[in-house]
Structure formats: C-alpha cells, structure tokens
Amino acid sequence: MGDSPYLVERMQGFGTTIFAEMSALAVATGSINLGQGFPDEDGPPEVFDAAVAAIRDHHNQYPPGIGIPELRHAIAAHQAKWWSLEYDPDTEVLVTAGATEAIAAALLALCEPGNDVVTFEPYYDSYAACIALAGAHRRVVQLRTPDWSFDAAALEQAITPNTRVLLLNSPHNPTGKVFSVEELELIARLCVEHDLIAITDEVYEHLVFEGRHVPLATMPGMRDRTVTISSGGKTFSCTGWKIGWICAPPDFVDAVKTVKQFLTYVNGGPFQYGVAVGLGLPDDRIFQIAATLGEKRDRLSAGLAEAGFTVLPSAGTYFLSADIRGLGEHDGVAFCRSLPERCGVVAVPSVAFYDDKEAGNPLVRFACCKRLDVIDEAAARLTGLRS
Ligand SMILES: Cc1ncc(COP(=O)(O)O)c(C=O)c1O
C-alpha cells in the first residue's frame, strides 16, 4: 500500500485507518476508549451558553469567509495577552474549520510540489497526508525516547535546498513534549538561516502541566515568517466544533485564505461566538483547565506504571505514551488490537505516527482527557494484563 502510485492509496497508510479500527473496536467490545483524544466532560459553561445564544439569535447562516469579527478580535487579543504577539484582526487572522483545515490549507498554500517539509516524528497523522496532498516530501527528525530530545545535527541535515517549510507541533501530540526555549531558539535560528517558513501547530497551547509553552513566532526573526495555528476544541473541550485559526503576516493569510475558500469556505458560525467568549476567559479559568488535566495525567501515568508499562514523560496535551516492552510485548499494533478483548481498554499504536517503524513499534498512546473515575477503571483493568 505504501508504494502505491495512487495518492489516495498511499494515504490509507497515514494513521487514520488504524485509529478508525481502534474506535470501532472500542464500540464493538464496549471498551473504555483511551485511543482517540476527546474529553468526556463539557468545558466552561459560558462558552457553550454563547454558542446556544448565537443559534437562538439567528447566527445560523454563512459567517464571513475570514471568520466573524468577534472571534478574530478575540484571537488577536488572546495572542497579545498570552504571548505578546500583535496581529491585525482584519488582515492577519483567519478562522478555519479546526486546526486540521488550517494545517491543510497552509501546506497547500505555501508549498510547491517537490518542496521538502521538515517535521518531527512521531508526527500528528494529518501532517504526512497533507504534505503528500501538497505534492511535497516530508523529512523527519526523530524525537528520541526516553526524554523526547532531538539531535540538533539531524535537524540541520534534514534541511535541504528544497526545504520551504518547517512544521512544528508544540505542545506535541503524541508525545506530550513541550519544546524548550533552547530548542525553539535552535529551530528559529535554522529557519532564519535557511529562509524557511514555519508552520506551528499550537492546539494544546493552554494544556501544559510542566514548563511553559512558548510560541515559535516569539523567537527573534520569526514573527514574519511564521503561520501560527491553534483551535478552540482542546482548550474548551469542544473538539466537535472544529473552530480553528491562523495568525500570520497578511501575505500568508491571503495565501491560506485562497485555499481555504475552496475547502470549506466557512464553518461553524454559532460556535465561533462560543470560542470568542472562551478566548476572553480570565487567566485563572484557563490555568484551572490545565491543572485539572494535569491531575488526570498523573493518575493515568501512575496506573500505567502500576500495570507494568514504562511511561514516557508528558508535559502537556491530552496524551501519554508508554513502552510495552516491560509487559513482554514488542508490537504495538498487535498489542492494541488485542487489548479490548484482553481487558476492555483501547489505546492506539504509536507506529502510525512514525516513518521509522522500528522506533514506533513498542510504543502506544493513551488519552488522559477522561474523567478520573474512567481513568481509575481503565487502570484497574490494565493491571490485569500481567496476570
Ligand atoms: C497536534 C494536533 N493538531 C491538530 C489537531 C486537530 O485540531 P482540530 O480538531 O481543531 O481540527 C489535533 C487533534 O487531535 C492535534 O492533536
């Protein structure tokens, strides 16, 4: 399948197939689904009330192509308040159908067929597919276990004369890595030296439990060469709304908008009002969201360790990765396929996020964004694995 001349067939190898299989297994076996990353509780009530009010106030037709002014202003104010990044809400902000569309539209708009795109592996599964859709080639730099560090020389070598875009995800799915300031400085220096455009996926910007998130656009020389992407779904526990955005200089926004208008044109009118309210919530409410998730991460982490997994560090996001070799297992795909039957829990095999299959094979990803009682029950079931 991977060698097929047909793009659509090659794309079937890009992760979603195995994730769909795992979600179907969860339903078929009534298992606890710690595979797909979605919370099982609603987020801040004001956010949800604002969307309901928008529907009742008749905001149910096509919103403006670049997003409603309330949301664009809220995004610009959010970037200024949290990250000291100033964007013009009319020319430097674009609302998209989730971060997913923003990633696709940015890659399609900013890459030429034949360009190289540098990214880190494991990578969020849409990256490989969207790079392929753009006719570009991915060149990956590995985040190595056990600490998710990367080799600076490997990053430098991955950049070729054909490289146009560096695609960075921090906080990072599936590892939970939050790139450090030193790492970001290095990445920024290379982007400037090689005149690269950075596309940054920051959907977990507020879901950090250790260290702090620093947007790449704040690094020297980066603001005007970076397309910053985020989304309301993760922070406000409304992943089904698919309200995302980009912040970038006007030329980039225009280019991405040109592609975006032929993908979805617009989406989620009433939900845009909800996310606008969310972005304006007081700091302590946002910190509380991360603190609650951090407690869940700790609980799942302890449960997995108790069950015999080697738990890898996660400083943020919805996810934790674990090595299964301590359980006498080596093949993450076979392990995840057997898990629902063996103990009624679903996880996803991390190999779907890797080019280097050997590195990814012994790793599995668990979502920690579930209620504590659900995590406890999953942990209790997993403990039975060793007996
Ligand atoms: C790293 C990363 N980027 C993007 C997305 C997609 O975001 P959205 O739901 O806003 O399209 C996800 C969702 O899981 C993600 O983990």
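This is a predicted model: local features need pLDDT of at least 70, side-chain atom pairs count only at pLDDT 80 or more; totals for chains, interfaces and linings use all residues.

Biologist: What makes helix α11 mostly covered?

Modeller: Helix α11 runs over residues 269-279, and nine of its 11 residues are buried. Those are Gly-269, Pro-270, Gln-272, Tyr-273, Gly-274, Val-275, Ala-276, Gly-278 and Leu-279. Helices (H or I, at least four residues) and strands (E, at least two) are DSSP runs, numbered from the N terminus.

Biologist: What covers the buried residues of α11?

Modeller: The cover includes the helices α3 (45-56), α4 (69-83), α9 (232-235) and α12, and the strands β2 (93-97) and β8 (243-247). Contact means heavy atoms within 4.5 Å.

Biologist: Why is His-73 called partly exposed?

Modeller: His-73 has 42% relative accessibility, so it counts as partly exposed. It lies in helix α4. Not counting residues up to four places away in sequence, His-73 touches Pro-89 and Asp-90. His-73 and Ala-352 are 279 residues apart in sequence and 37 Å apart in space, C-alpha to C-alpha.

Biologist: How do you know that the span of helix α15 agrees with its length?

Modeller: The expected span is 1.5 Å times one less than the number of residues. For the 12 residues of α15 (residues 372-383) that gives 16 Å, and the end C-alpha atoms are 16 Å apart, so the two agree.

Biologist: Which residues of α15 are buried?

Modeller: Val-374, Ile-375, Ala-378, Ala-379 and Leu-382 are the buried residues of α15. They cover an arc of only 135 degrees around the axis, which puts them on the same side of α15. The arc is that of the directions from the helix axis to the C-beta atoms. An α-helix has 3.6 residues a turn, so residues three or four places apart point the same way. Among the elements covering the buried residues of α15 are α12 (283-306), α13 (332-343) and β13 (363-367).

Biologist: Why are α5 and α10 called roughly perpendicular?

Modeller: Angles of 65 to 115 degrees count as roughly perpendicular, under 35 as roughly parallel, over 145 as roughly antiparallel, and the rest as oblique. The axes of α5 (residues 98-110) and α10 (residues 250-263) cross at roughly 115 degrees and come within 8 Å. The two helices are therefore roughly perpendicular to each other. Axes are lines fitted to C-alpha atoms, for helices over the stretch in contact, and angles run from 0 to 180 degrees between N-to-C directions.

Biologist: Which residues make that contact?

Modeller: On α5, they include Glu-101, Ala-105 and Leu-108. On α10, they include Phe-252, Val-256 and Leu-263.

Biologist: What is the angle between the axes of α5 and α6?

Modeller: The axes of α5 and helix α6 (residues 125-133) cross at roughly 30 degrees and come within 9 Å. Ile-103, Ala-104, Leu-107 and Leu-108 of α5 make the contact with Ser-126, Tyr-127, Cys-130, Ile-131 and Leu-133 of α6.

Biologist: Why is Leu-143 called buried?

Modeller: Its relative accessible area is 1%, so Leu-143 is buried. Leu-143 sits in the loop between β4 (137-142) and α7 (152-158). Leaving aside neighbours within four places in sequence, its contacts include Phe-120, Trp-148, His-172 and Tyr-354.

Biologist: What makes Trp-148 stand out in phi?

Modeller: Its phi is near 65 degrees, a positive value in a residue other than glycine. Trp-148 also lies in the loop between β4 and α7. At 2% relative accessibility, Trp-148 counts as buried.

Biologist: Is Tyr-265 buried or partly exposed?

Modeller: Tyr-265 has a relative accessible area of 41%, so it is partly exposed. Tyr-265 is in the loop between α10 and α11, and has a positive phi of about 65 degrees although it is not a glycine.

Terms used: Residues are numbered from 1 along each chain as its sequence is written. Side-chain values use heavy atoms; hydrogens and water are left out. Buried means under 20% relative accessible area, exposed over 50%, partly exposed in between (1.4 Å probe, protein chains only).
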